[in-house]
Amino acid sequence: MDRRQFLGRPVSAGLALGGAAALQQAPSAYGQRSDLPPKFTPSAYTVPKSPNSAGLTPDYFTYADNLVIERNQPGKPHQGKVLAAVQAHSDDITLFCAGTVAKLIDEGYTGYLIRLSNDEKAGKTVGYGVVQNEIDNREAAKALGCKKAFSFYYRNHRMDDCAAIEIRQRLIFLFRLLQVNTVFLMDPSDHYDENPDHLVVGREVEAACWMAGTGGGREYPEQLKAGLKPANVREKYYHARAPQGHNLVNRIVDISSYIDQKVRANVANKGKGPAGDNGARLRQSLAKQGKKLPLLGNDDDTANFQYVKHFIMDDFRTLGAQFGLEYAEAFRYIGPEPEHRQIVNKYVEEHAVPL
Amino acid sequence: MHRRSFPMPGLAGAAPQVNGGEPIVVKDEPGMPHRGKVFAAVHAHLDDIPYYAAGLCAKLMSEGYTGYILRTSNDERCGGRSTAENILSNEQDHFRMAAALGFKDVFDFYYQNHDMDGISYIDLRGRLILIFRMLQVDTILSFNPWGHAEENPDHWVTGRAVEEACWMAGMPNDFHEHLEAGIQPHTVGERYYFYAREGQPYNRVVDIGSHVEKKIDAIVECKSQGDGNRGSIVRAQLARQGKRLPLLGNDDRAADRAYVRQFLLEDDREHGKPHNLEFAERFYYIDRRPAKSKADEYIEKNAVNL
């Protein structure tokens with residue numbers, strides 16, 4: 001990881017922007033001090049790392065002053081709604097926002113996991129890599145409670161060579177087919193993301209969201225003739241990619257109740273990423289040396305689960321602690337915008353007088 | 001489209017022929033032998049189908065086919081008005097032309113006219129695949145993507161995408177999300193490629209004698225381009241000079257039809273002459289319908305009970 005160190009302050013619990021100045025002399029998680037003169041108010045905050053960090057939270061977040069902590073909701077308030085979690089690679093959603101996806105599905109959403117690349121760069125050969133990651137995508141979807149997983153199989157790490165408009169066409173088709181209301185995507189405005197697949201996917205998801213519903217279907221009208229209906233995507237959860245990320249956060253989601261589900265989704269990711277069966281491999285490696293880690297238990301399944309929870313999820317525990325939560329995920333959330341026509345209608349209702 | 005000037009001298013005999021040197025002459029078939037079948041006529045510009053294949057379209061529909069027409073460009077460069085006005089007038093002409101020929105539905109993709117070699121080719125192909133599957137298209141009419149002397153990029157881009165979409169539409173792993181929507185893979189078996197430029201190959205000569213009135217119906221709707229209203233324009237010009245052409249009749253509609261019949265069907269007349277036909281259209285026909293393999297025949301003949 002090539003970390004940048006232009007600001008070196010931690011985010012403290014209960015942080016508000018107005019309290020930033022009070023933090024200016026506090027040491028960061030790395031023990032750094034800031035040389036920022038007191039007359040400046042920081043505009044970005046170092047995200048602290050635990051000693052176990054797998055580097056899954058960005059170096060910096062910029063927090064909005066209307067930040068909301070999204071907590072568990074009783075019952076099934078989202079019954080009838082549909083979410084699409086769209087990722088470039090099989091481990092993007094699982095690592096960065098699986099807790100929130102699992103939470104929303106538990107609260108009534110029907111979920112779909114959509115992977116756009118073929119993940120061919122992860123595996124002992126290209127062929128083995130694509131097969132394992134295809135399986136992983138399906139298994140991660142199951143672990144999250146998704147109804148179905150889709151894969152588009154664009155070539156891994158080469159998506160900036162794809163026709164963006166064709167990707168968008170396919171996303172519009174799926175959003176309409178599935179009648180998606182809410183999407184999860186990697187923020188295409190997330191600074192310093194080095195992976196072209198992330199940027200392409202984020203950009204095209206963002207565009208497909210409004211085009212899937214615009215103008216009663218002037219985009220790809222043949223899809224409507226095929227029986228599809230315009231989609232009404234009104235909520236978007238943008239997540240950052242770590243560690244390069246430096247993005248705006250206005251929503252922290254309490255995923256404490258869903259951390260085990262997030263762990264299981266990551267254990268399902270065996271073809272790539274830091275999770276998968278690394279626990280079992282570590283356990284076997286230690287056994288060859290005549291050692292064991294009590295944390296990893298007595299079988300491979302336990303080892304995988306414990307490894308992921310202890311070592312990989314620690315970044316989300318550390319992030320949660322900043323907000324008084326056990327585990328958390330951070331998002332730039334964009335919610336439903338008011339319908340301008342309804343505003344006008346309401347005004348007319350209230351102010352119209354007889355001729 | 002970018003057509004040759006009209007009227008043209010005949011080109012019969014100038015182009016290479018295939019199938020042992022002699023094209024097959026296709027005549028009207030009695031009854032409705034194609035009932036239940038679907039064809040898609042895919043062109044780039046308002047006046048492509050009317051000139052190259054309106055007779056065949058009318059013939060196929062009269063023999064039972066259901067026809068759909070698809071225009072890939074927005075025709076913004078043709079019409080003699082502003083770019084925006086050209087898009088509108090060509091769009092409306094296209095609807096009227098399609099109705100005149102009896103197409104069941106019209107699709108317009110509106111890619112930028114003359115610039116289609118700069119679009120995302122795979123986006124075009126994906127859209128064609130969806131439509132071929134959705135309509136379960138059996139037969140297509142379009143440009144020959146391998147036809148020489150084609151100087152209009154919209155033509156060869158459209159032809160190439162159509163050719164590829166025909167077989168990819170049958171492959172379930174291409175755009176597999178279509179299957180989720182209940183839209184099944186479907187291979188397009190028969191193709192009629194236009195004879196659009198001098199020197200392009202053809203192996204079918206279709207007798208359109210009994211469908212030429214329909215063809216005229218289609219061409220006269222091509223007012224933004226294709227000279228469909230040339231007759232009424234000439235009639236008005238002459239009237240301003242205190243003259244008239246008896247050929248053009250007494251109203252604009254009659255003038256347009258007469259003008260087309262007299263001056264704009266020369267190619268079809270010339271294509272018919274070698275075969276003693278009044279009017280004919282030329283095509284390069286490809287049959288890709290699956291045939292029973294030798295293995296299938298062998299298994300069928302020789303398989304015995306266990």
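**Entry 1: chain B as a whole**

I looked up burial in chain B of this predicted model and found that 49% of its 306 residues count as buried. A residue is called buried if 20 or more other C-beta atoms, placed from the backbone, lie within 10 Å of its own, exposed if 12 or fewer do, and partly exposed in between. I noted that local features need pLDDT of at least 70 and side-chain atom pairs pLDDT 80 or more, while totals for chains, interfaces and linings use all residues. Residues are numbered from 1 along each chain as its sequence is written, and chains are lettered from A and ligands numbered from 1 in the order in which they are written.

I then listed the secondary structure: chain B has 10 helices and 8 strands (DSSP runs numbered from the N terminus, helices being H or I of at least four residues and strands E of at least two). Along the principal axes, the C-alpha atoms of chain B fill a box of roughly 90 × 45 × 35 Å.

**Entry 2: two helices of chain B**

I examined helix α1 (residues 48-62) and helix α6 (residues 212-220) of chain B, whose axes come within 8 Å and cross at roughly 135 degrees. Axes are lines fitted to C-alpha atoms, for helices over the stretch in contact, and angles run from 0 to 180 degrees between N-to-C directions. The angle makes α1(B) oblique to α6(B), because angles under 35 degrees count as roughly parallel, over 145 as roughly antiparallel, 65 to 115 as roughly perpendicular and the rest as oblique.

**Entry 3: Gln87(A)**

I located Gln87(A) in strand β3 (residues 82-87) of chain A. Gln87(A) counts as buried because it has 28 C-beta neighbours inside 10 Å. Leaving out residues up to four places away in sequence, I found that Gln87(A) touches Asp92(A), Ile93(A) and Arg115(A). Contact requires C-beta atoms, placed from the backbone, to lie within 7 Å. From Gln87(A) to Tyr109(A) I noted 22 residues in sequence and 18 Å in space, C-alpha to C-alpha.

**Entry 4: where the chains meet**

I recorded that 15 residues of chain A are in contact with 14 residues of chain B. On the side of chain A that touches chain B, α3 (164-178) and α5 (221-225) each supply at least two residues. The largest share of that side, 7 residues, comes from α3(A).

Terms used: Two residues are in contact if their C-beta atoms, placed from the backbone, lie within 7 Å.
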